[in-house]
Amino acid sequence: MKQSDKYLVEAKTLFEYKQYFLGYKALLLSNKFFKNVNPSLIQASRNGKNISEKRDILLSASNKHIEELEKIKKMIPKQLEWKPEKSKATMLSLWVLIEDSIKLRKKL
């Protein structure tokens, strides 16, 4: 969870500074780590661990992430054409990534 938090904060900061490509990558990392949290809790529960406190923390963190993602969505363009120096341009669908991130966190 800490890694997911860390990369979400990084993404928000990068988006604030209009570093959209780097923010996009940081948000992808946040999602990757967030996806791993719930399966880890389920596995711990299967091993006889009491996860009720950790589950509450996860739900609270999920709600806070959703709140922050909604704020990020208001400050970024819907999509952006990213043009690296020596490569082909890539279209970044920023809002689609934000919506996918929110859906991931609502699955709990």
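Colleague: Why does Asn36 count as partly exposed?

Modeller: Asn36 has a relative accessibility of 43%. Buried means under 20% and exposed means over 50%, so a value in between is called partly exposed. Keep in mind that this is a predicted model.

Colleague: Which helix does Asn36 lie in?

Modeller: Asn36 is part of helix H2.

Colleague: And what does the side chain of Asn36 reach?

Modeller: The backbone oxygen of Lys32, at 3.4 Å.

Colleague: How far apart are Asn36 and Ile51 in space?

Modeller: They are 15 Å apart, C-alpha to C-alpha. In sequence, 15 residues separate Asn36 and Ile51.

Colleague: Let's zoom out. How many helices and strands does the protein chain have?

Modeller: The chain has 4 helices and 2 strands. Along the sequence they follow the pattern α-α-α-β-β-α.

Colleague: What does the C-alpha trace span along its principal axes?

Modeller: About 55 × 25 × 20 Å.

Colleague: How much of the chain counts as buried?

Modeller: Of its 108 residues, 33% count as buried. The chain exposes about 7,300 Å², and carbon and sulfur atoms supply 52% of that area.

Colleague: What about contacts between residues at least 6 apart in sequence?

Modeller: Among those, 61% join residues at least 24 apart.

Colleague: On to H3. How many residues does helix H3 have?

Modeller: Helix H3 runs over residues 52-75, which gives 24 residues. From first C-alpha to last, H3 reaches 35 Å. That is close to the 34 Å expected at 1.5 Å a residue.

Colleague: Which residues in H3 are buried?

Modeller: Leu58, Ala61, Ser62, His65, Ile66, Glu68, Leu69, Ile72 and Lys73.

Colleague: What covers the buried residues of H3?

Modeller: The cover includes helix H1 (2-16), helix H2 (20-46) and helix H4 (94-106).

Colleague: What does Lys73 touch?

Modeller: Leaving out residues up to four places away in sequence, Lys73 touches Trp95, Ile98 and Glu99. Lys73 also lies over the face of Trp95, 5.0 Å from the ring centre.

Colleague: Which face does Arg105 lie over?

Modeller: The face of Phe34, at 4.6 Å from the ring centre.

Colleague: New topic. How many aromatic pairs does the structure hold?

Modeller: The structure holds 3. One of them is Tyr7 with Phe33. Their ring centres are 5.8 Å apart and the planes are at 5 degrees, so that pair is stacked.

Colleague: Which parts of the chain does that pair link?

Modeller: Distant ones: Tyr7 is in helix H1 and Phe33 is in helix H2, 26 residues apart.

Colleague: Tyr7, buried or exposed?

Modeller: Tyr7 is buried, at 15% relative accessible area.

Definitions and conventions
Residues numbered from 1 in each chain as written. Predicted model: local features only at pLDDT ≥ 70, side-chain atom pairs only at ≥ 80, totals over all residues. Heavy atoms only, no water. Expected span 1.5 Å × (residues − 1). Buried < 20%, exposed > 50% of the residue type's maximum accessible area, 1.4 Å probe, protein only. Contact = heavy atoms within 4.5 Å. Polar contact = N/O pair within 3.5 Å; in protein donor to acceptor, adjacent residues only side chain to side chain. Phe/Tyr/Trp six-rings, centres within 6.5 Å; stacked < 30°, edge-to-face > 60°. Lys NZ or Arg CZ within 6 Å of the ring centre and 35° of its normal. Areas by Shrake-Rupley, 256 points an atom, 1.4 Å probe, with all protein chains shown as cover.
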